[in-house]
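Subject: Structure for your files

Hello,

Here is the structure you were going to look at. My notes on it follow below.

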Amino acid sequence: MIKIRDLRFSYGNNVVLKDISMELQEGRIYGLLGENGVGKTTLLTLLAGLKEPGAGSIEIDGQKPFDRTPSFLSQIYYLPDEVPAIRMKAIDFAMDRGQFWVNFDPDKFKEIAGVLETDTSMRMDQMSYGQLRKTYISFALACNTRYLFMDEPTNGLDIPSKSQFRKAMSKYTSDESTLLISTHQARELEAIIDPIIILDRKDVLLNATLSEITKKIYFDYSTATSPEALYSELIPGGCIQVLVNKSGEESKVNLEALFNAVHRHKELIKKMFNDEIA
Amino acid sequence: MGSNVLNMNRSRRYFRSDLRAAVSNYGITFLVFSTLAVTTYLLHGLFFLTTSGEWYAMSSSLRIALFVISGLTVLISSPAKLYGHLTDRREGSAFLMVPVSRLEKFVSMVLISCIIIPFSFGLIYLTLDSLVCLIGPACGDSLFQIIFKSSPSFINTIPDLHIYKESFRSILTPWLYFDDIIQIALLFLLGALIFKKSKTGKTLGSLIIISISLNLLFTPIMSLAMFDKFRMMAEMMSDANITLEAIEQMFPFFSWILRNLAIVDTLSDTLVNGLLLFFVWLRLKKLKH
């Protein structure tokens with residue numbers, strides 16, 4: 001389990017994360033959403049132990065990430081938004097690096113690379129950006145870690161690759177693994193992420209499962225607009241509206257509409273999910 | 001997973017992996033510099049063969065200069081080439097994420113950049129030079145013979161040092177330079193881990209600035225505080241009639257230093273190397289991305 005308590009982090013005088021607290025349960029694929037610059041990447045790097053918290057604490061299974069102990073590192077993998085192009089064949093890289101992750105499975109690496117249509121006999125510094133990312137995605141999943149943090153994993157992937165990525169994520173992540181995926185491409189990943197975390201500047205606006213969200217928020221896909229809508233947007237064939245769910249009726253979550261509604265009514269949403277007015 | 005500090009099996013595997021990466025990143029440059037003994041010998045000979053019709057071997061002084069220059073180039077450029085990428089966000093993150101302890105990463109890094117690279121360079125270069133001199137008799141003494149067998153005869157020509165001649169001779173033994181070689185490699189390794197760009201140049205620049213600053217700071221202090229003593233000692237040592245006992249009675253500390261120059265040199269180098277190792281370790285520990 002990941003426990004974050006009163007986490008603070010700043011770059012010089014620029015405070016990025018302020019008193020952030022949350023818990024991430026095991027066996028879930030969290031989607032981390034937020035505007036540019038709210039600290040999504042910073043949070044992921046803090047979780048991976050690449051940065052030291054300014055104040056507060058992070059505990060992952062009782063370990064502090066910044067201690068960067070081998071036992072901790074072998075249980076996590078962080079896939080950054082930018083990955084190095086190493087002068088090695090992808091398969092050699094995987095065999096060389098993979099030996100340090102106790103649960104790394106070379107056959108799984110080859111299999112996922114096959115699903116993602118990546119040539120593992122190719123040198124990584126000669127790959128396109130998309131191929132390189134797919135190599136790292138294959139490696140990340142083949143490490144079989146308990147925690148996997150991904151920063152914008154679908155960036156640079158073409159349309160078929162994005163679909164292959166979703167397929168690989170569904171097929172090759174174990175039920176015990178906890179994934180935290182930061183993304184701006186909410187639509188592309190809404191089929192696989194649940195719960196949703198929406199990060200704001202110096203605050204967590206929402207940390208809830210899709211079922212918790214649909215209990216409290218209703219997504220209306222009709223043509224008629226309501227003045228009570230927290231957010232509404234015209235879409236082909238009608239409009240989508242985000243409303244407070246008063247009837248208890250279930251609806252299909254639209255992540256982009258949810259994100260916009262949360263951003264327009266920050267305090268209301270925070271209160272709703274803290275059970276103050278719901 | 002074993003110990004979080006040191007696991008021999010994991011250390012071995014990491015060291016092998018690190019060494020493979022070093023060969024991949026620096027192998028060709030290393031090969032070019034370490035085989036210069038042969039390539040320059042052949043080029044030099046061929047040049048004179050084509051211009052004057054005769055084969056001329058390179059002089060000893062030219063070969064020594066070339067060895068020193070290429071050795072220093074390898075020593076100061078290899079740390080940045082091998083570990084400079086750790087300050088880059090992408091490659092540095094990948095390095096930090098490898099599930100190996102800080103100690104194991106540190107030991108592997110120091111072993112490769114401060115021991116394996118410089119000493120295997122020296123070994124390959126000197127062996128090739130010896131082979132060249134074995135095949136081509138015009139070459140004369142090999143560098144190996146020059147370095148390890150020659151006696152620093154110039155000491156005998158300096159009358160002022162007659163009392164402590166053996167002590168001064170002792171610090172010119174090549175074995176005493178091993179810790180200096182490690183020191184240079186450590187300095188440039190630290191520079192490679194601190195500076196983001198122009199690592200070797202900035203390290204050299206910093207060393208020059210530090211050296212000038214220390215000189216500016218300590219020279220006036222030393223001059224004011226100890227000038228008279230230094231002058232008196234120099235006068236006494238240049239006096240042919242002065243006895244060793246008289247000097248040692250008047251300047252026991254300086255006499256001990258002069259008598260034990262090799263020990264003092266080793267101790268000071270060990271201290272500086274220890275400090276540099278600590279700073280490299282600290283930098284590695286605090287590395288963030």
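**Chain B: helices**

Chain B has 12 helices and 0 strands; helices (H or I, at least four residues) and strands (E, at least two) are DSSP runs, numbered from the N terminus. Before going further: this is a predicted model, in which local features need pLDDT of at least 70 and side-chain atom pairs count only at pLDDT 80 or more, while totals for chains, interfaces and linings use all residues. Residues are numbered from 1 along each chain as its sequence is written, and chains are lettered from A and ligands numbered from 1 in the order in which they are written.

The C-alpha trace of chain B spans about 70 × 60 × 35 Å along its principal axes. Of the 289 residues in chain B, 24% are buried. A residue is buried if 20 or more other C-beta atoms lie within 10 Å of its own, exposed if 12 or fewer, and partly exposed in between, with C-beta atoms placed from the backbone. Taking contacts in chain B between residues at least 6 apart in sequence, 76% join residues at least 24 apart. Two residues are in contact if their C-beta atoms, placed from the backbone, lie within 7 Å.

Helix H3 (residues 60–83) and helix H5 (residues 102–135) of chain B pack with their axes 10 Å apart, at an angle of about 155°. H3(B) is therefore roughly antiparallel to H5(B). Axes are lines fitted to C-alpha atoms, for helices over the stretch in contact, and angles run from 0 to 180 degrees between N-to-C directions. Angles under 35 degrees count as roughly parallel, over 145 as roughly antiparallel, 65 to 115 as roughly perpendicular and the rest as oblique.

Residues of H3(B) in this contact include Phe67(B), Gly71(B) and Leu75(B); among those of H5(B) are Ile112(B), Ile117(B) and Phe121(B). The contact of H3(B) with H5(B) divides into 12 nonpolar, 4 polar and 2 charged residues. Here Ala, Val, Leu, Ile, Met, Phe, Trp, Tyr, Cys and Pro count as nonpolar, Asp, Glu, Lys and Arg as charged, and the others, Gly among them, as polar.

H5(B) also meets helix H12 (residues 261–286) of chain B: their axes come within 10 Å and cross at roughly 130°. That makes H5(B) oblique to H12(B). On the H5(B) side the residues are Arg102(B), Lys105(B), Phe106(B) and Val110(B), and their counterparts in H12(B) include Trp281(B) and Leu284(B). By class, this contact has 6 nonpolar, no polar and 3 charged residues.

**Chain A: sheet**

In chain A, 3 strands form an open sheet in the order S2-S1-S4, with antiparallel pairing. Strands S2 (14–24) and S4 (55–60) of chain A are at the edges, each with a single partner strand, so one side of each has no neighbour in the sheet. The twist averages 25° from one strand to the next. Strand S1 (residues 2–11) of chain A pairs with S2(A) in the antiparallel sense over 7 bridges; two strands pair if DSSP finds at least two bridges between them. Ser10(A) has Val15(A) in S2(A) as its bridge partner.

**Where the chains touch**

24 residues of chain A are in contact with 21 residues of chain B. On the chain A side, the elements that give two or more residues are helix H2 (70–73) and helix H3 (90–98) of chain A. H2(A) gives the most, with 3 residues. That side has 12 nonpolar, 5 polar and 7 charged residues.

Regards
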